[in-house]
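Here is a friendly walk through some charged side-chain pairs. Have the viewer ready and follow along.

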Amino acid sequence: MGSHARDPNELTVLVTGFGPFRDQYPVNPSWEIAKGLPPHLPALRAKDASSRQAADTPPVRILVHPEPVRVSYKVVRALVPSLWETYQGRKVDVVIHMGMAGPRPFYQIERRGHRTGYKSLDVDGERLEDEDDGCRGEGWIWHGMPDEIETDLDLQDVLERWQGHSAKDMDLRISEDAGRYLCDFIYYSSLSTLLKERRPRRVVFLHVPCDASDRCVAQGRELALNLIRAIAESETAKKQAAAPA
């Protein structure tokens, strides 16, 4: 008991989910999925561990941001940098932001976030002031940042591992467009924070279907855990490949 906490190789993954933002979706499944995640990634069952060389994966601690993130540009902009500081006394290695993507029945991980193009009003009826060109001078938080920033995670490798851990009928994809709304905005906010600090951009955005039924939330939670496992394996493999022989 407590051995997890002392392992210097332990990976800490922080997960966020969004609150509701449309009348037709009073419950946001991304938060329902996030809030039920366990504090540690469960060990693989013996048969799965033997069929995949996963023994080298470090223990993974899962932190969940304790409340749904408000679908608000101001809230997200104020919140995100603090997620990458010491969070609940821990250094965060990886962040998975989650949000819903309408009625489509598949799950997708986003490769990149975008700096501009946010035309839609948020849940408070506010627009992003950055969209006025006059707000983009040298004092702009994203001045000098690229228009697109990509994650440093090897998404193709992550996708293959994610699919390998998940049921064969699950439709799991990589997406190249996070949608220019709060999902894209929180993702770019994290990516730009890390780029500014010259830290590895170990962050990804997971889009989940809007179905908030118990069955779909349980399925989403299992897939979120599989994604965390896939990222841990992928990052471990990358580190081992880079290590001197």
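Glu148 is partly exposed, at 42% relative accessible area; that label covers values between buried (under 20%) and exposed (over 50%), using a 1.4 Å probe and protein chains only. Please keep in mind that this is a predicted model, where local features need pLDDT of at least 70, side-chain atom pairs count only at pLDDT 80 or more, and totals for chains, interfaces and linings use all residues. Residues are numbered from 1 along each chain as its sequence is written, and side-chain values use heavy atoms, leaving out hydrogens and water.

Which residue forms a salt bridge with Glu148? The partner is Arg112, where a salt bridge means a side-chain nitrogen of Lys or Arg within 4 Å of a carboxyl oxygen of Asp or Glu. Arg112 lies in strand β5 (residues 112-114) and Glu148 in strand β6 (residues 148-150), 36 residues apart. Strands here are DSSP runs of E with at least two residues, numbered from the N terminus.

Arg112 itself is buried, with 13% relative accessibility. Glu150 is partly exposed at 35%.

| Salt bridge | N to O distance |
|---|---|
| Arg112 and Glu148 | 3.0 Å |
| Asp133 and Arg136 | 3.6 Å |

Through shared partners, salt bridges join Arg111, Arg112, Glu148, Glu150 and Glu176 into one network. The structure holds 23 salt bridges.

Definitions and conventions:
Helix = DSSP H or I, 4+ residues; strand = E, 2+ residues; numbered from the N terminus.
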